[in-house]
Amino acid sequence: MDEVCEGKDFSFPKQEEKVLEFWSEIDAFTTQLKRTESYPEYIFYDGPPFATGLPHYGHILAGTIKDTVTRYQSMTGHHVTRRFGWDCHGLPVENEIDKKLGITRRDEVIQMGIDKYNEECRTIVTRYVEEWEKVVTRTGRWIDFKNDYKTMDLNFMESVWWVFAQLYNKGLVYKGFKVMPYSTGCKTALSNFEANENYKTVPDPEIMVAFPALGDPDNAAFVAWTTTPWTLPSNLALCVNASFIYVKVRNRHSGKIYVVAESLLSGLPSEKPKSNVANGTAGDSKTSKSKGSSAGNTENFMDSYEVLEKFPGASLVGRKYEPLFGYFKESSPEAFRVIADNYVTNASGTGIVHCAPAFGEDDYRACMENQIISKEELIVAVDDDGCFTEKITDFSGRYVKDADKDIIEAVRAKGRLVKSGSHMHPYPFCWRSETPLIYRAVPSWFVRVENLKEQLLENNKQTYWVPDFVKEKRFHNWLENARDWAVSRTRFWGTPLPVWSNKDGSDIRVLSSVKELEDLSGVKVFDLHRHNIDHILVPSEKYPDVMLQRVPDVFDCWFESGSMPYAYLHYPFENVELFEKNFPGHFVAEGLDQTRGWFYTLMVLSTALFGKPAFRNLVCNGLVLSEDGKKMSKRLKNYPSPAKVIDDYGADALRLYLINSPVVRAEPLRFRDKGVYSVVKDVFLPWYNAYRFLVQNAKRLEVDGLAPFIPTDLATLQKSSNVLDQWIMSATLSLVHFVRQEMDGYRLYTVVPYLLKFLDNLTNIYVRFNRKRLKGRTGEEDCRTALSTLYNVLLTSCKVMAPFTPFFTEVLYQNLRKACDGLEESIHYCSFPQEEGERDEQIEQSVARMMTIIDLARNIRERHNKPLKSPLREMVIVHPDAKFLDDIAGKLREYVLEELNVRSLVPCDDTLKYASLRAEPDFSILGKRLGKSMGVIAKEVKGMSQENILALEKAGEVIIATHCLKLTDIKVIREFKRPDGLTEKEIDAAGDGDVLVILDLRPDESLFEAGVAREIVNRIQKLRKKVALEPTDTVEVYFESLDEDKSVSQQVLNSQECYIREAIGSPLLPHTMMPPDAFIIGEESFHGISTFSFTIRLTRPALVFDIDAIVALYAGNARFAQGLQVYLLSRDHSNLKSEFQHGDGKISVDFIENQPSVNVVLGEHVFLTRGDYYTRKITN
């Protein structure tokens, strides 16, 4: 393995760019696909985005989810084709061209020419394809851009034709009028799910209008309330609720008589008329109160009105009234009468609804059912641009919303305005043009979704969603209320409907393929867009010599994207076996908004075509918002650009940040770039440092002249007698098991927290507690076992995390594979790890408890201001589990004592010796389960005796008031019982409800010297770090006491000599031994450290010669001895060290000119360091 830099010098973004170059060199993605060709197919559907805009965090999030899942599936033995798709048609593209060309009206497109307009659209469809590919590739996503699919491709469009033809042949298609959300900005109808995309709270006028009842003896008028005055010219009926009670009331001041619902009577204006207005005209009253509100209190209101009569709504049905405007007097003889329907509510208004059937869905239905209108006779007096037609003579050519004020004035002038005001309410706006939507009857081609409702709900049950509440609630409710789907649009740039018809629509022919069109027309077809096929005629099947022309509509682009599972494969014209063997697809993933969009259209079309859902598994993500919780806005610049975040922190960090957030559970995420930095700091740097520690110590073997590091095989490692080897191997198996389990369940968000804990355990338990072994201080064999264990763990964890962090795992893997033959060229060619061997849950639990013990003991130290450097005499561990106590007092004992700097550990299984027990019910678990019984049970649990609690812990359950409670339902709390005669400062404890830790805090002079030694070692280590020494760098360490009485510090150094030498890896030398020519690397003085002051110096290692022994080599020739010293001093220190190691402590020197050959023995003639010389001297 190659040496690696420090974490602070490791640039994650730059390393990722190198990985991208490597993947490109080996053509990694294509190679992976070829290597898995024979594996079972895993079908992933990629929802097509529009390429007319740049990718944002929402796209990166969905792309990361898709990439993680598909990488995992590839590693678990599947062939996963991943083709990028583009949504090319529809409003987003036309809207861009309209802005570019300044087009505001439909007829301007006709004048320009559909061919020129469509070709303009084609030019911008792939405007940002290169930028998309750049961003998607930079985020680490593997997907095929070269073999992408586009909804404007001939093959895709042909399959869309086939889908429609199948629906038509099944009787699921019809043409009709439907009142739909209509965008006047984009000049097209929108689907209901599009209309729900963009609600804004806006002010609108609200007025009450009088409609005089014909033949009424009191000259009463029906009063209707509306917030859309522009619909009043098209009024054809008034609607009441047959079950409501209505009243006839007289205004005491004006004498006007009105009919309204009794429950909404207070909505009428109640103020007195102004003195300068004779008799109070109906248009006097103005209010800005919300709909249905009263202008005054009930007492004042009854001062204004007198109730003349009460009657049920049913009695009003059939009553005729005087039209407000005369535009439709002759057009509809059945119009201008009262009808009844249950959609009329008493939530607001007057209980009487004015019906304009061309502009309200319920109005249209109610008027159709009551024969006010028929499909053939409906007149829509508003054109495609949202302007009144010539039929509305007074307002012809006016945009409807702009005409509201003038219409109100016209109503006032007619004396029919009862009340006017302003009304704040949520109103739908076009998600593209940002213009207010209107509801308008449009002729359209529909799919009978309502006929499929039961089957849709059943198919939804067959799918698996993460999170499941989106499926069970949001999507289920949407399907339950599904309405027929208008799939056609009166637009230009889209897949044309394959419908040919005569002029009156009585003869229709629906085609299903290009070949069918060519065969029927004799015209060669190269493109299916309108300008290339609108002129093509096909013969009628009914009438000879009659030619049919294509209807002008195109498909809603949602119909195209819903057809994607078939159209991207050009099914059924190609890939029949591939499709039919693997449908439904295995996986889709998009945002929460697609529950009413793509997820819905996929489900509708697959149910209609095949009676199946389109997909089996679905991950639904939430919205990525700016840090302040608002929608991300380019205009407001309220979020950092994805490119900058990736350049600063790397794509892997961004991927993990997104996956480890609420957004993967369909909840919103407030994006913070600090959160991405935290992933680098908390995940990648600890991970990298564990890897670097491995590489450093593996390289140290070579520096020390030993055989290069080659990992020990897994089977041998699993037999290691070291408890932490056993533990980390088991923990790694648990990691593999957990990630497999969660990824098979598509729960990506649970993996990162588990990985964080695993990495924390790896660095802070395995590496930290095993430093001596890993550094070779417990022997070479034990060192190689520890290094091999760490190598295996890192290699396995890299493979496990490769789908999540494809770059970083590749970086580590490329270096790790150099130590072991036979590994794959890329980590992404590897199989996902299997659970090889058995997990040892007992040792995993024991180590987890050990860390709890260490944390609890640290808490006690902090409470009493006892730093870890100060040794303590004894600790007691109280727990009823004998196996755990055996582990703690046995194989884990040395780690606990060393980490906590305690001299002795006493296990105790008598839980009542040091603690009293009490029980508390876990309300969070039991509350829902027990309901009203909770109070009784809680009282019984709290009253449990210590003996009963112990029995519960032993049995694992207890029966209380006929309820069986498990140990997990009850919290057992251990409270410390201090021994008699001791204070809190002398002995203290801490517990977590499971284990109790007791520390003896009494001072002990015998421990003082050990504490001082720890302080000295700590300062040496900090100085090493300060001068940027690597752990493998060898230095001499010199100690100089600055105290007047130096004997006390010398006594400490003597008594703690073994501990200090083991801790710093060399003897601590007295400063008097430092040669005057020593090269000082670092020097620092310390004062008041446990009452001592001293100076530490770090120097480069230097050779020390035994002059007498060297002279004896040359039989007393001092000149030869001097020559040998000069030669050895000229040599590189590390190379000389290696030579001695390779020669088993001897080297032969036979090339000094005019000197005889001699064998130089290390430790006899020469010492590599002054420390070695000092150690030999002390030993002798």
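Predicted model: local features only at pLDDT ≥ 70, side-chain atom pairs only at ≥ 80, totals over all residues.
Residues are numbered from 1 along each chain as its sequence is written, and side-chain values use heavy atoms, with hydrogens and water left out.

**Exercise 1.** Work out how the span of helix H3 compares with the expected one, and how covered the helix is.

*Solution.* Start with the label: helices are DSSP runs of H or I with at least four residues, numbered from the N terminus. H3 covers residues 57-75, 19 residues in total. Next, the expected span is 1.5 Å times one less than the number of residues. Then check burial (under 20% relative accessible area is buried, over 50% exposed, in between partly exposed; 1.4 Å probe, protein chains only). Of the 19 residues in H3, 17 are buried, so the helix is mostly covered. Just after H3, Gly77 has a positive phi of about 95°.

**Exercise 2.** Compare two salt bridges, Lys66 with Asp46 and Glu119 with Arg122.

*Solution.* First the criterion: a side-chain nitrogen of Lys or Arg within 4 Å of a carboxyl oxygen of Asp or Glu. Lys66 and Asp46 pass at 2.7 Å, N to O. Lys66 sits in H3 and Asp46 in the loop between helix H2 (28-35) and H3, so this pair ties together parts 20 residues apart in sequence. Both ends are buried: Lys66 at 4% relative accessibility, Asp46 at 2%.

Now the other pair: Glu119 and Arg122 pass at 3.1 Å, N to O. They both lie in helix H6 (residues 114-125), three residues apart, about one turn. An α-helix has 3.6 residues a turn, so residues three or four places apart point the same way. Here Glu119 is partly exposed at 32%, and Arg122 is partly exposed too, at 24%.

**Exercise 3.** Describe how helices H25 and H28 are arranged.

*Solution.* Take the axes as lines fitted to C-alpha atoms over the stretch in contact, with angles from 0 to 180 degrees between N-to-C directions. For H25 (residues 723-744) and H28 (residues 780-801), the axes come within 10 Å and cross at roughly 10°. Angles under 35 degrees count as roughly parallel, so H25 and H28 are roughly parallel to each other. Finally, look at the contact (heavy atoms within 4.5 Å): among its residues are Ile728 and Leu735 of H25, and Thr789 and Val793 of H28.

Notes: Helix = DSSP H or I, 4+ residues; strand = E, 2+ residues; numbered from the N terminus. Parallel < 35°, antiparallel > 145°, perpendicular 65-115°, else oblique.
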